[in-house]
Amino acid sequence: MRTQTTLKNALTLGFVIVGILPIVISGFFVLQVLTRDMEREIAQRNMLLARSLAREVERFVSEPMAVLGHAAEVVANQSFLPGMKTDVFLESVKTYYGLFNMIQIIDWNGVVRHACPLYPETVGLDLSGQPFFKQTALSRQTYFSRVFVSMQTGQPTLVVTRPFESGMLAGYLNLASLNSLTDRSSIRPSGHAAIVDRDGTYIAHPDRRLVSQRVNVNDFEPVRRGLAGELGTFRYDKNGVDTLSSIALVPRTKWLVVVMQPAEEAFSPVNRSRTIFGIGAAVAALFALSVAFISLKRAIGPVSRLLGNVKRIAAGDYAIATPPESYREIDELADGFRIMAEAVDVRERALRESEMKYRLLVDNINDFIVEFTPDRSLRFVSPSYCQAFGREAEELLGKDFMELVHREDRWRISQSLEVVRRPPHTAYYEERAMTPGGVRWIAWSARAILNDNGEIDSVISVGRDITEQRRAQEQIRRSEKKFRDLFNSINDLLYTQDLEGRFTTVNAAMVRTFGYSEEELIGRRADEFMKEELRPYFESDYLEALKRDGFHEGISRYTAKNGQRIYIEYRSSLVRFPDREPYISGTGRDVTERMAAERQIRQLQEEVIQAKKMEAIGTLAGGIAHDFNNLLMGIQGNVSLMLLESRPMDAQYDRLKGMERYVRSGADLTRQLLGFARGGKYEVKPIDPNDLVRQSAELFGRTRKEIEMRTRFQEGVWSIQADRSQLEQVLLNLFVNAWQSMPSGGTLFLETENVELAREETGPHNIPEGRFVRIRVKDTGVGMSRETRERVFEPFFTSKKMGRGTGLGLASAYGIVKNHGGLIRVESKLGRGSTFTLDIPASKHAAKETEQPEQELRRGTGTILLVDDEDMVLEVGTEMLSRLGYQTISARSGAEAVALFEQERDRIDLVILDLVMPGLGGGEVYDRLQEIDSEVRVLISSGYSVDGQAQAVLDRGGSGFIQKPFDLQSLSRKVRDIVSPRTTAETAS
């Protein structure tokens with residue numbers, strides 16, 4: 001059996017430990033700290049001495065350098081050629097300062113020019129091979145040579161050089177005076193200081209032999225470490241003696257100052273302190289031990305009496321007598337035991353009263369309280385629990401409470417109770433209980449009671465009947481599901497937001513429209529889906545209006561997850577509550593298709609208005625062109641007749657040719673007007689679009705070298721039924737427009753492709769759907785503003801300066817394309833160039849090659865009835881026909897023409913009929929002539945083109961068409977082609 005330690009022995013041991021151990025431990029640590037501090041202080045003292053010597057050496061070499069610098073400035077300013085003055089100056093410097101054994105002036109070739117003292121063999125000496133000369137000449141800066149023993153003085157000497165413009169000053173510095181520094185800095189009794197150069201050779205040492213013999217100590221540990229850059233204080237072994245050495249560096253010369261002292265000698269104060277402290281600690285420990293024994297003896301008796309009182313309290317005797325006075329702490333402890341005994345007595349009585357109260361509370365509470373063991377056996381049940389299950393407590397105690405749980409819930413409840421086994425040993429669960437009144441829902445809150453070993457002793461669980469609450473929750477859940485289903489079934493967008501604009505709820509329509517999941521939308525602001533430049537308005541317009549007015553509505557553009565732009569028409573309202581935070585409720589509708597349709601309708605309306613405006617202006621332009629063509633006809637006819645009578649060598653021949661060119665230019669202008677006015681086509685036949693665009697581009701490109709042409713033609717492109725010259729004019733106008741928009745050059749892209757346009761695209765333009773050939777002309781020019789783009793096809797509209805354009809180029813292009821049953825559109829933005837797109841109906845026939853017109857004048861015979869309401873046209877026409885060999889009958893109106901034909905129909909071979917005449921028009925005249933003679937031959941002559949009324953006459957049997965103004969060659973070919981079958985023709989050049 002183990003002997004138990006008594007309190008007396010324990011306290012005795014404790015007093016010994018408490019009395020002696022702190023003194024020993026504290027003394028040890030204090031001694032260590034004191035020793036470390038003293039050693040650090042001694043090392044710092046030696047290091048300060050080494051650094052002080054290093055500064056003294058630095059000053060020793062700095063003064064000669066300053067003297068040489070001043071001397072170099074004087075020599076450089078006066079030059080050293082006046083030898084006597086220079087020698088005198090050097091002598092004064094050497095004598096006055098007394099720093100140098102010798103001073104020399106050396107030029108940059110290494111030759112000594114002056115020296116002091118003056119030795120004959122010195123002047124003229126070549127020192128260019130000396131290391132100090134090479135280093136100074138290379139760096140052109142002050143240089144300190146390596147230390148050497150002077151042959152004149154037998155002392156360590158240093159050469160200091162100072163360069164100037166014409167050479168350098170070299171001073172031979174005697175280092176013997178450094179010995180006085182080391183002598184003065186010796187550490188008694190055996191420590192000393194020394195100076196070592198950068199090669200490890202002694203410069204100064206108390207032992208002069210080491211200096212005179214140039215002893216090298218670079219393998220001496222302190223010197224070796226100092227030369228390696230490791231400065232400071234070191235301890236090392238020197239011939240078996242522990243030595244303390246401090247190393248400092250002379251920055252300017254890279255010399256080392258070494259202070260050395262035996263460690264035992266340096267740290268002798270530390271050893272004395274240790275001895276004194278040890279004796280003091282032993283005395284203090286002995287005194288503490290004596291005091292501990294005396295105090296222990298006085299404390300054991302009262303403690304024994306306290307032990308007896310504790311045993312009585314444990315036995316239930318709380319009547320504790322007051323012990324006799326002892327130490328104050330022991331008396332206070334005895335009073336504490338007495339007070340504790342009285343408090344325990346009071347609390348036991350209160351606990352019994354509390355137990356009675358809690359028993360009454362448990363017996364009368366409506367909630368259920370049960371206690372069961374880890375194997376689920378009931379240990380305690382409250383009366384309310386017994387009442388709910390219609391059983392007595394004796395029937396339930398010891399039973400497995402799981403028998404009262406609904407069969408479907410048992411496994412779930414057992415899993416929930418497993419949680420009680422883990423900290424914090426609590427669990428909450430709901431179960432369906434089988435009671436006599438039916439199934440009831442009970443919510444339980446359980447907590448485990450642990451024994452001293454940390455194991456579960458029992459579980460106390462408090463329950464409440466929540467059947468009615470569960471029924472209400474189920475109704476709410478069904479209502480919420482019904483609302484959610486309704487919320488998600490609505491096609492309109494429904495949402496709620498907080499006051500910062502973040503979505504809090506969204507319906508399924510919102511998810512479908514934006515393409516994001518509900519989780520991705522919740523918590524994000526609506527402006528995160530807007531364009532960057534529109535986001536500030538979300539705060540300033542939307543949220544501020546809601547907070548100010550309580551509602552806001554409008555249409556906003558957003559970007560869906562797939563990048564598609566969507567337009568949402570919305571109305572948001574601020575919902576306020578008296579007792580909680582307000583929120584935003586809103587509805588929206590996807591109006592993207594409606595916005596696109598409205599945009600398309602506006603575009604079509606603009607195009608229809610433009611077309612009607614162009615048609616109205618075109619009618620006016622067509623009339624002007626017709627009358628102008630009649631005027632040109634008179635001029636052209638007279639010029640043709642005059643040229644017929646002239647020869648190339650005549651003086652007026654060139655002028656007549658020029659007039660003919662002017663007439664053609666005027667005819668081109670009226671042709672543009674007629675093209676704009678959709679006044680018809682002249683020569684329509686199937687053509688190859690690729691060939692058309694290629695030739696037009698090559699022709700234009702030869703005159704505009706600064707424009708780069710790029711083409712992309714579709715192979716197998718369909719042919720188009722068109723007037724080649726008119727489409728060439730359209731392309732030329734587009735090319736010129738592109739060139740003018742690229743003043744610094746650029747690129748022109750030309751493309752062709754086959755397309756099929758649906759009714760939705762062609763219907764608004766009154767053009768049948770079908771196959772089209774698309775020609776696209778795209779430039780990289782300056783582009784157009786919206787105002788210019790809307791008026792670009794208007795006649796006489798131009799963005800050029802006055803006198804730089806007629807404004808008919810694009811207007812005529814518009815008319816020509818429309819006259820061919822096609823579409824022309826423009827897309828342009830400022831700074832992004834322009835793109836013109838032409839859609840021309842495809843032809844069912846293959847393209848034909850272009851035939852060159854015949855240039856010969858073709859004469860003939862016969863009688864021709866010339867009908868026109870313009871006298872000048874009649875006059876010049878009669879003359880032109882006469883020159884071609886025909887007899888002419890003139891008629892100035894339609895009625896007159898019908899009357900003359902009825903009288904002279906047997907001799908009239910051809911009728912040249914103007915269509916636009918007052919009274920009886922050309923179409924009616926043709927019908928009358930047909931009634932008189934169904935074989936009548938009629939050549940239609942008009943200032944308009946062949947389409948329209950002229951084509952109608954041709955369709956009823958007309959023999960041909962000629963466009964005013966026409967020249968003699970054109971007239972001769974047309975008339976000859978018609979009358980040659982009836983008459984004998986002859987050809988003349």
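Is D927 buried, partly exposed or exposed? In this predicted model, D927 is partly exposed, with a relative accessible area of 32%, and D927 forms a salt bridge with R956 in which the closest N and O atoms are 3.1 Å apart. The pair links distant parts of the chain, since D927 belongs to helix α26 whereas R956 sits in the loop between α27 (949–955) and β34 (960–963), 29 residues apart.

**Packing of α25 and α26**

- Helix α25 (residues 894–904) packs with helix α26 (residues 922–932) at an angle of about 15 degrees, their axes being 10 Å apart, and the two helices are therefore roughly parallel to each other.
- The crossing of α25 and α26 is right-handed.
- From α25, the residues G894, A897, V898, F901 and E902 meet V925, R928, L929 and I932 of α26, a contact that by class has six nonpolar, one polar and two charged residues.

**Salt bridges**

- The structure holds 30 salt bridges, and R712, E751, E753 and R776 are linked in a network of them.
- R956, the partner of D927, is partly exposed, with a relative accessible area of 40%.
- R724 forms a salt bridge with E728, with the closest N and O atoms 3.2 Å apart, and both residues lie in helix α20 (residues 724–740), four residues apart, about one turn of the helix.
- R724 counts as buried at 12% relative accessibility, whereas E728 is partly exposed, with a relative accessible area of 30%.
- R59 forms a salt bridge with E56, the closest N and O atoms being 2.3 Å apart; these residues are three apart in helix α1 (residues 7–78), and so are separated by about one helical turn.

Notes. Residues are numbered from 1 along each chain as its sequence is written. This is a predicted model: local features need pLDDT of at least 70, side-chain atom pairs count only at pLDDT 80 or more; totals for chains, interfaces and linings use all residues. Side-chain values use heavy atoms; hydrogens and water are left out. Axes are lines fitted to C-alpha atoms, for helices over the stretch in contact, and angles run from 0 to 180 degrees between N-to-C directions. Angles under 35 degrees count as roughly parallel, over 145 as roughly antiparallel, 65 to 115 as roughly perpendicular and the rest as oblique. A crossing is left-handed if the near helix is turned anticlockwise from the far one by less than a right angle, and right-handed if clockwise. Contact means heavy atoms within 4.5 Å. Ala, Val, Leu, Ile, Met, Phe, Trp, Tyr, Cys and Pro count as nonpolar, Asp, Glu, Lys and Arg as charged, and the others, Gly among them, as polar. A salt bridge is a side-chain nitrogen of Lys or Arg within 4 Å of a carboxyl oxygen of Asp or Glu. Buried means under 20% relative accessible area, exposed over 50%, partly exposed in between (1.4 Å probe, protein chains only).
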